[in-house]
Amino acid sequence: YIYARLFPDIRRWLASEDRFEDFSLVTADGLRWWIFGALIGAGLSGFVLVLLRAGHRGGTLWWTLLAAKGVIWLAMLIVYAYVSYVMWPRRVFVSTTDRPAMQRRFAAVAWGLATLALIQLVLGAVLHMAP
C-alpha cells in the first residue's frame with residue numbers, strides 16, 4: 001500500500017522532493033524494531049506450531065514445503081536487516097542527485113519483501129491443508 005498508493009499521492013501533495021524524502025524518513029523512524037519483532041514472532045510461532053504437529057509425521061512434500069517456508073523466512077530476516085543497517089544509513093546521507101536511484105532500490109526491495117511475505121502466506125495455507 002505504501003509504495004503503490006501512499007507515496008505517489010504524498011509525492012504529488014508535498015510537491016517537493018526534499019519534503020517527500022523528509023516525510024519518508026520520518027514515517028519510517030522507529031519501525032525497525034516493530035518489524036523485526038513481527039518477523040521473529042512469526043518465526044517462533046511457526047516453530048511452536050511445528051513442535052505441536054511433531055506427533056503427526058508429515059510426508060516428504062510437507063517437510064519440503066516447511067523447509068522452503070523456513071528458508072524464505074530467514075531470507076526475509078536477512079534482507080530486512082540489510083535494509084535497516086545498510087540501506088537506511090545510506091539513504092539518510094545520500095546526495096540529491098543519487099536520491100532517485102536510492103528510492104527505486106527501496107521500492108524494489110519493498111516489493112520483493114511483500115512478494116516473499118505473500119509466498120509465506122500461501123505456503124502456510126498449503127501446509128495447513130496438507131494431510
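1. In this predicted model, Phe36 has a relative accessible area of 11% and is therefore buried, the cut-off being under 20%. Tyr80 is likewise buried, at 12%. The two rings form an edge-to-face aromatic pair, with 5.1 Å between centres and 80° between planes. This pair links distant parts of the chain, since Phe36 lies in helix 3 and Tyr80 in helix 4, 44 residues apart.

2. The aromatic pairs number five. Phe36 and Tyr80 also belong to one aromatic cluster, together with Trp33 and Tyr85. Elsewhere, the ring centres of Trp62 and Trp63 are 4.8 Å apart and their planes stand at 85°, so this pair is edge-to-face as well. Trp62 is buried, with 8% relative accessibility, whereas Trp63 is partly exposed at 35%.

3. Phe36, Trp62 and Tyr80 are among the twelve residues of the largest nonpolar core, which also includes Leu39, Leu65, Leu66, Ile72 and Met76. Helix 3 (32–52), helix 4 (60–92) and helix 5 (99–129) are the elements that each give two or more residues to this core. Helix 4 contributes the most, with seven. A second, separate core has six residues, among them Val83, Met87, Val94 and Met102. In soluble globular proteins, nonpolar side chains tend to be buried together.

4. Leu66, a member of the largest core, is in contact with Val50 and Leu127 once neighbours within four places in sequence are left aside.

5. Helix 5 comprises 31 residues and spans 45 Å from its first C-alpha to its last, close to the 45 Å expected at 1.5 Å a residue.

6. Overall, the protein has five helices and zero strands. Its radius of gyration is 18 Å, well over the 14 Å given by the globule rule for 131 residues, so the protein is more spread out than a compact globule. The C-alpha trace spans about 60 × 25 × 20 Å along its principal axes.

7. Buried residues account for 24% of the 131 residues. The accessible surface is about 8,900 Å², and carbon and sulfur atoms make up 73% of it. Of the contacts with a separation of 6 or more, 72% join residues 24 or more positions apart.

Note on methods:
Residues numbered from 1 in each chain as written. Predicted model: local features only at pLDDT ≥ 70, side-chain atom pairs only at ≥ 80, totals over all residues. Heavy atoms only, no water. Core = buried A, V, L, I, M, F, W, Y, C linked by side-chain atoms within 4.5 Å. Buried < 20%, exposed > 50% of the residue type's maximum accessible area, 1.4 Å probe, protein only. Helix = DSSP H or I, 4+ residues; strand = E, 2+ residues; numbered from the N terminus. Contact = heavy atoms within 4.5 Å. Expected span 1.5 Å × (residues − 1). Rg over C-alpha atoms; globule rule 2.2 N^0.38 Å. Areas by Shrake-Rupley, 256 points an atom, 1.4 Å probe, with all protein chains shown as cover. Phe/Tyr/Trp six-rings, centres within 6.5 Å; stacked < 30°, edge-to-face > 60°.
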